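Subject: Structure handover, ligand site and pockets

Hi,

Here is the structure I promised to pass on. Please open it alongside this note, and I will walk you through what turned up around the ligand and in the pockets.

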Amino acid sequence: MSVQLNRRDFLKKSTLATFGVTLLPSLLKASPSDRLRIAHIGLGGMGNNHVKWFAALPDVEIVALCDVDQDHLNGTLKTLKALNPDTKATTYSDFRHILDRNDIDAITCATPDHWHAQIATMAFQSGKDVYGEKPLSYDVGEGQMMLKHLNKHDRIFQLGTQIHATDNYHRVVEIIQSGAIGKVHTVRLWKTGFSPGLGHPQPQTPPPTLNWDMWLGPAPYADYFPERCHVTYRHFLDYSGGVFADFWCHIADVVWWSIQPKGLKSISARGGKTDGVADAPKWLDADFEFDNLKIFWTTEPPNVPGAADRGIGAYFEGDKGTLICDYSTRSITINGETVEDIPEIPRTLPRSPGHQQNFVDAVKSRKQPESNLAYAREMTLPMHLALTSWRLGRKLNWNPKKEKFKKDKEANQYLSRKPRKKWDLV
Ligand SMILES: NC(=O)c1ccc[n+]([C@@H]2O[C@H](COP(=O)([O-])OP(=O)(O)OC[C@H]3O[C@@H](n4cnc5c(N)ncnc54)[C@H](O)[C@@H]3O)[C@@H](O)[C@H]2O)c1
């Protein structure tokens, strides 16, 4: 099949269209307790983790692998064969072949960010559930599109924020929600480290094993050089948003889970530019004003006790005390006394059997997981808006009901990018 087909053309030629319906593979199965038949799309650093994690689950069978880079595809198949010598997984360079199969229940997607939304949306349309990597989408419009199609096709989605499953995050949420530190009025988030500039590489011919046009997909066409592609693509605004966009979800998760910030009013971001070809912010600091809550994101740790020791973290300021945490540690300070835990606070949240098992359980029970799409979208949205504020170099006012900047045509243009025509598949 030509990779230039759009989704409509593809469906015309596919078995789905032969039957004249969008098939719902898991509904065609005899029993929801069957082993989940899963396909992994995007087989770089994180995609290989997906394969290892899901291969270790007893109720999952990996039936297909897909990457636009033949080397990555071959390498991951080798890894899978080492984990499971009996595997019959088939390999594809075009994910639409996976969506066309009606014997596949779910996909995971660990492509670069600019592909997340189209792949997930088309997976929903073809009746598949999705474990999708963070950040949820490339922009606000894509998140809206994903949610619309998830609901329309009654699918399950879980964001790949595996730190959500840790005991530490569960405990932080229980402590904050118990009211032990009182009403939280301010949260400080940070992640140290600069996005690199990546020098000034010259365009090259893409390797013959890589389908560069499809790697670019919905992003604008750009000449190939290795820095623009695997792993370091995250430092280019056409595909992602640098260190800030990379880490926002992981630490914002514990804030959205514990206090569900509502009523975002304004966003004011500032930052630096790199000295190289990569155009994501070298560093970015942002102030977010919600109803009754302020969130500050910084690249340097804030000047509060315990922050300097943590490369990433959240510092909750309540009217009775404070709590600082990172992925695996926390400490609570009330009336000048600092402790790791308050045993009297009951453990009210069920612990996770593992983030990937959570997804499998959600698929089988047809109940959305905690890191579901609606939740992930609300948590991710301020990240997109901060990037826009940084690009425009000014404070922006937000209407949370309309999900638009207030009377700001210039800023609203950044809410939704038109996909490159050839790759506008949904
Ligand atoms: N949850 C986490 O902690 C975590 C950690 C790392 C990365 N991630 C996320 O995972 C995603 C991938 O990151 P990475 O570091 O693995 O990047 P990577 O560059 O190592 O891997 C991306 C892979 O996707 C492939 N790809 C690109 N377009 C494709 C397409 N249309 N179809 C199939 N394959 C395609 C690439 O060829 C590459 O093999 C990113 O969105 C990133 O934010 C999450």
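A polar contact here is a pair of N or O atoms within 3.5 Å. With that cut-off in mind, a nitrogen atom of the ligand lies 3.2 Å from an N or O atom in the side chain of tryptophan 115. Please keep in mind that this is a predicted model.

As for overall cover, the ligand exposes 850 Å² when taken alone, and the protein buries 93% of that.

**Around the ligand**

The shell around the ligand has 29 residues, and Met46, Asp67, His72, Lys134 and Gln162 are the closest. By type, 12 of the shell residues are nonpolar, 10 are polar and seven are charged. Which helices each supply at least two residues of this shell? They are α3 (45–55), α6 (113–125) and α10 (242–259). The largest share comes from α6, with three residues.

**The largest pocket**

The ligand takes up the space of the largest pocket, which has a volume of about 620 Å³. Its lining consists of 36 residues, and those nearest the centre are Met46, Ala110, Thr111, Pro112 and Tyr233. The lining divides into 17 nonpolar, 12 polar and seven charged residues. Helices α3, α6, α9 (212–216) and α10 each supply at least two residues of it, and α6 gives the largest share, four residues.

**The second largest pocket**

What is the volume of the second largest pocket? It comes to about 330 Å³. This pocket is lined by 24 residues, with Tyr138, Asp139, Leu237, Arg391 and Tyr414 closest to its centre. Helix α12 (residues 373–392) gives the most to this lining, with six residues. The lining of the second largest pocket holds 11 nonpolar, seven polar and six charged residues.

Happy to talk any of this through once you have had a look.

Best wishes

Methods: Residues numbered from 1 in each chain as written. Predicted model: local features only at pLDDT ≥ 70, side-chain atom pairs only at ≥ 80, totals over all residues. Heavy atoms only, no water. Near = heavy atom within 4 Å. Polar contact = N/O pair within 3.5 Å; in protein donor to acceptor, adjacent residues only side chain to side chain. Areas by Shrake-Rupley, 256 points an atom, 1.4 Å probe, with all protein chains shown as cover. 1 Å grid on protein atoms, 1.4 Å probe; cavity = no way out; pocket = protein on both sides within 12 Å on 5 of 7 lines; lining within 4 Å. Sits in = over half its atoms within 2 Å of the grid points. Nonpolar A, V, L, I, M, F, W, Y, C, P; charged D, E, K, R; others polar. Points joined across faces, edges and corners; volume = space filled by probe spheres on them.
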